[in-house]
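Please examine the protein shown below and follow the explanation with the structure in view. The discussion begins with charged side chains and then turns to a pocket.

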Amino acid sequence: QVQLVESGGGLVQAGGSLRLSCSASGSIFGINRMAWHRQAPGKQRELVAAIISGGSTNYADSVKGRFTISADNAKNTVYLQMNSLKPEDTAVYYCNVLRTTPLGRKDDYWGQGTQVTVSS
């Protein structure tokens, strides 16, 4: 099992910045992808950004150039730096990790979510 603890959400004015953190603990061997998703009221959960082992990243078009995902492997922590925030970024943000077990099974783990609210 992998436990994920998120922090860093809050209320910010449009144009402001926030940094989300997600620390993984437990059976972390085999984690090969860490990502942030978000879910706004009445909408489906969507991928915001992901980073895979080796450092490759990908982003939703709506956040490219504004958000940056990074990972500190020594701390088993993934970050999401969010700049130039817009009201439409308001959502609950979830940390997600994909772990491949020694037997090849892929397990998905999710954090509890952290609220990000951007006021206009």
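In this predicted model, the side chains of R38 and D89 form a salt bridge, with 3.0 Å from N to O. The two partners lie 51 residues apart in the chain, and their pairing links distant parts of it. R38 belongs to strand β4, whereas D89 sits in the loop between β8 (77-82) and β9 (91-100). In general terms, side chains of opposite charge can pair when their charged atoms come close.

Are these two residues buried or exposed? A residue counts as buried when its relative accessible area is under 20%. R38 is therefore buried, since its relative accessibility is 5%. D89 is buried as well, because its relative accessible area is 1%.

D89 also takes part in a salt bridge with R66, at 2.7 Å from N to O. Here too the pair links distant parts of the chain, for D89 and R66 are 23 residues apart. R66 is found in the loop between β6 (57-59) and β7, while D89 lies in the loop between β8 and β9. With a relative accessibility of 11%, R66 likewise counts as buried.

How many salt bridges does the structure hold? The total is six. Another of them joins the side chains of R99 and D107, with an N to O distance of 4.0 Å. R99 is buried, because its relative accessible area is 11%, and D107 also counts as buried, at 14% relative accessibility. Beyond individual pairs, salt bridges that share partners connect R38, E46, R66 and D89 into one network.

Rolling a probe the size of a water molecule over the atoms shows where empty space is left. The largest pocket of this structure contains about 290 Å³ of space. Its lining consists of 16 residues, of which I31, M34, S53, A71 and N73 are the closest to the centre of the pocket.

Which elements give two or more residues to this lining? They are β4 (31-39), β5 (46-52) and β7 (67-72). Strand β4 supplies the largest share, namely four residues.

Seven of its residues are nonpolar, seven are polar and two are charged.

Terms used:
Residues numbered from 1 in each chain as written. Predicted model: local features only at pLDDT ≥ 70, side-chain atom pairs only at ≥ 80, totals over all residues. Heavy atoms only, no water. 1 Å grid on protein atoms, 1.4 Å probe; cavity = no way out; pocket = protein on both sides within 12 Å on 5 of 7 lines; lining within 4 Å. Points joined across faces, edges and corners; volume = space filled by probe spheres on them. Nonpolar A, V, L, I, M, F, W, Y, C, P; charged D, E, K, R; others polar. Buried < 20%, exposed > 50% of the residue type's maximum accessible area, 1.4 Å probe, protein only.
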